[in-house]
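Visitor: I have not seen this structure before. Please show it to me and let me ask about its parts.

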Amino acid sequence: MRQGKWRVLAVGVPSLAGLVAGVLLLGLGLVAAVPAVLPAHGASTPTGTTATGVHVGPADCGTGWSDSAAGRRDLTVWNDGPTAVDVYLQEPSTGRIVLDVESLGSQASRTTSVTLAAGTYRFVCASTEAGSVGGPTATVSGALPAGQHATAGVLPITSADLVGPVGRYQHWVAGHLHRLQRRVRTLRRALAHGDHAAAVTAWWTATLLYRRVGGAYGAFGRFDAAIDGRPFSGIPPPGTRTTGLPLIEELLVSGRPPRSILPAVDRLAAAVRGLREHFGTDLALAPIDLGLRTHEILEDADRDLASGALDTPSRLGPALLTADLAGTRAALAPLLPLLRDRDPRLGRLTRALARLGATLRQLRRAHPAGVRLASLPRAARETLEARLDGALELLADVAVITDPVQPMPEVAP
Amino acid sequence: MTRHAPGGGTGPGTGRVTRRGLLGGAAGAAGGAALAAGAGLAMARDDTTTPDEGDLRYSADGPHQAGILTPVQRHACYLAGDVTTDREGLRRLLDTLTARIRALTAGGPVGDDGLVRTAADNGILGDDLPTAGLTITVSVGASLFDRRFGLAPRRPARLVPMPAFADDALDPAWCGGDLLVQVCADEPDVVVHAVRDLLRATRGDLQVRWRRDGFTSPPRPSGTPRNLLGFKDGTANPDVSDDALMDRLVWTHGGGGEPDWVEGGSYHVVRLIRMFVEFWDRVSVREQNAIFGRDKSSGAPLTGTDEFDPPDYTGQSGGGAIRLDAHIRRASRSGTAPDQRILRRGFNYDAGLDAAGNLDMGLIFTCFNADLERQFTAIQRRLEGEALSDYVSPFGGGFYFALPGLGSGEGGWARAVLGT
């Protein structure tokens, strides 16, 4: 099968095939297990970078990896093992990884460009069957060629590292759900007493509380649809309807008799109760979710801003965005200890979030009774979009950095 | 397909025309074994190296920006944006644009992203960027010199907001902008790649105000490309290989009321002109010819036989073949003012339908000139009331100033515009 693959690739360039094969086999000292695309260590590519071929199956992790000079290279990793592997190139002295190739299938190879500064590096190959296996270390020496910059590596984060932060975030969410439940009770009481104004205040507070836990929506399952059911405003997919907080907003705005709104509030209360019972037990965030949601909350907000979905009947757009920002900060906070020595743009991110917050405060001061965001003057709208976009570009890094990798094995003495 | 700068040379501002080799420089010096192994890798990459052959590249560096005298490419995207940051942010924005323009117009392998960021490149051109004649031209609007950045004293002397001319129906949403970025290339994916790259790199500091995409047609069957009214458009352009002529007609110079930093720039006029093509198609070709003053089929003036025959405007009282309200007679310079000529560089646009279901297409009229009042505006005023005005409607665009070339001064665009 391996040789078959080799032949297929070689057919296209018959005059080169023999020569190439010879060089590859010499370079790796292996005969049967070399795909044609796995170049000899130290070979030069057409773009002037160095090509290196490395085996990354659990049984031969790092074979082909040897001492070399600092600089840019095309690393081709080949999984000749029986199952998929995640592959890392690690600098054991610092623990940092400079290459992360995940889900490389059996018999598959992948080429990635990486620029290595002087140091000692080894491959780590992780699979379900064999766990994490460390390969031999090799030394990269010398200075980087002019104009080249070392690939920005990172101290890897494992799922175990994220257990604490996810737990702290879930605790924060649970506290909000408790407050949400109390607000829904207040809302019910106000409606039962026919107090429309108090009902609106309670609804508003409940809406903002729920919006703030947006980082956890993905873990709320069926309860989210009952609490915040907002069908697509064009042609809604079958079975979707307005429920929960948005339905109550519609009913409050439409001037219905307060008591007629009670059944909708009872359904909302049941959903919130159900969510509180299940959240943190059978409904929980996966370790990867926290980093993802730190940028996805505002990605959703950006889309809502573009679609007009933030322009609800109550014109709460700036308040909803402020809740989104608070939710983003809440998801980010437990990750900060991990990010401090990993995210080179953390300072910029902090400033970008502060600027977004300042822009939102300005908007809310200028429009204390709420405003339709679509009706803002161009300059104000552009500033808001720019602050949101600026924060999003930096938040995206957090998801990349906190994407958990497999644990790294100890270095053999 | 490689095209060369006008006159086969390297005219000012057009940049060098280069051809990226099949093998990079470093590989040529490598030994036999290394070369063979390199070829082994190339084997798997055959499909990416082949298009490199003849990939057309214009350098972004030089005394003038590319995309002005450069032969017009097949595809374009015009982005007008507002600067949404402070003075220091504007400096960062201009530096970022400079770096991205240099990288994009150089092409080649994309950088590696490391493990602390999402991929910087959007990937739609693969890992080895072709250039396909890419040029990215940056211009500034009059609004950049308002109070926000303290730049009022540095405004190019002739840069004003575009006024509404007599036949205009300007929509503010389609006018102006602090910055105009004109992205042109021969392949549409290269344009889109550059647009996404530029907007991502400047996100937070720049918000797009309006955008319009354009294209030019190949010669049908020969000569100057046709616009969407079916007429050859741009026949009377001045010769871009004549440096002295370009110095008079296109490039701005410091002194005489202009700040020094404008040396090597150019006033950049963009007019978004809707064409009522359904109406136009119901007009007889005889009438269309009279409206333009040219023969639709050949492009020849009605007083000549071939496209490039000079028109004869004698018979001013109406006795001549070219009507008094014909487009080319109104637009042509009078014999006494030869320096009125402009360098046109327009693109057709085709943007779907209007609200009533009519085809929304027309022209992104673009021209460069050294003096708006002496050149473009003088011509445009003569066009007011021309016969063509019933069939077209200018609705947007603006007056901009194309910054001097990237290689023209210490400190680059930020120093030029901000002065410090």
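This is a predicted model: local features need pLDDT of at least 70, side-chain atom pairs count only at pLDDT 80 or more; totals for chains, interfaces and linings use all residues.

Visitor: What share of the residues of chain A count as buried?
Guide: A residue is buried if 20 or more other C-beta atoms, placed from the backbone, lie within 10 Å of its own; 12 or fewer make it exposed, and anything in between partly exposed. Of the 413 residues of chain A, the buried share is 43%.

Visitor: Where does helix α8 of chain A bend?
Guide: α8(A) covers residues 287–307 and reaches 31 Å from its first C-alpha to its last, close to the 30 Å expected at 1.5 Å a residue. The expected span is 1.5 Å times one less than the number of residues. A bend is the angle between axes fitted to the seven residues ending at a residue and the seven starting there. In α8(A) it is about 45°, at A:Arg293.

Visitor: Which helices are included in what covers the buried residues of α8(A)?
Guide: The buried residues of α8(A) include A:Leu290, A:Gly291 and A:Arg293. Contact means that the C-beta atoms of two residues, placed from the backbone, lie within 7 Å. The cover includes α3, α9 and α12 of chain A.

Visitor: How are α6 and α7 of chain A oriented to each other?
Guide: Axes are lines fitted to C-alpha atoms, for helices over the stretch in contact, with angles from 0 to 180 degrees between N-to-C directions. The axes of α6(A) and α7(A) come within 9 Å and cross at roughly 160°. Angles under 35 degrees count as roughly parallel, over 145 as roughly antiparallel, 65 to 115 as roughly perpendicular and the rest as oblique. That makes α6(A) and α7(A) roughly antiparallel.

Visitor: What is the hand of the crossing of α9(A) and α11(A)?
Guide: Their axes come within 9 Å and cross at roughly 155°, and the two helices are therefore roughly antiparallel. Among the residues that meet are A:Leu321 and A:Leu325 in α9(A), and A:Leu356 and A:Leu360 in α11(A). A crossing is left-handed if the near helix is turned anticlockwise from the far one by less than a right angle, and right-handed if clockwise. This crossing is left-handed.

Visitor: Which helices do the buried residues of α4(A) pack against?
Guide: α4(A) has 17 residues, 196–212. Its buried residues include A:Trp203 and A:Tyr210. The buried residues pack against α3, α5, α6 and α9 of chain A.

Visitor: Is A:Thr402 buried or exposed?
Guide: A:Thr402 lies in the segment after α12 of chain A. Among the residues that A:Thr402 touches are A:Leu290 and A:Gly291, both of them buried residues of α8(A). With 24 C-beta neighbours inside 10 Å, A:Thr402 counts as buried.

Note on methods. Residues are numbered from 1 along each chain as its sequence is written. Chains are lettered from A and ligands numbered from 1 in the order in which they are written. Helices (H or I, at least four residues) and strands (E, at least two) are DSSP runs, numbered from the N terminus. Lists of a residue's contacts leave out its neighbours within four places in sequence.
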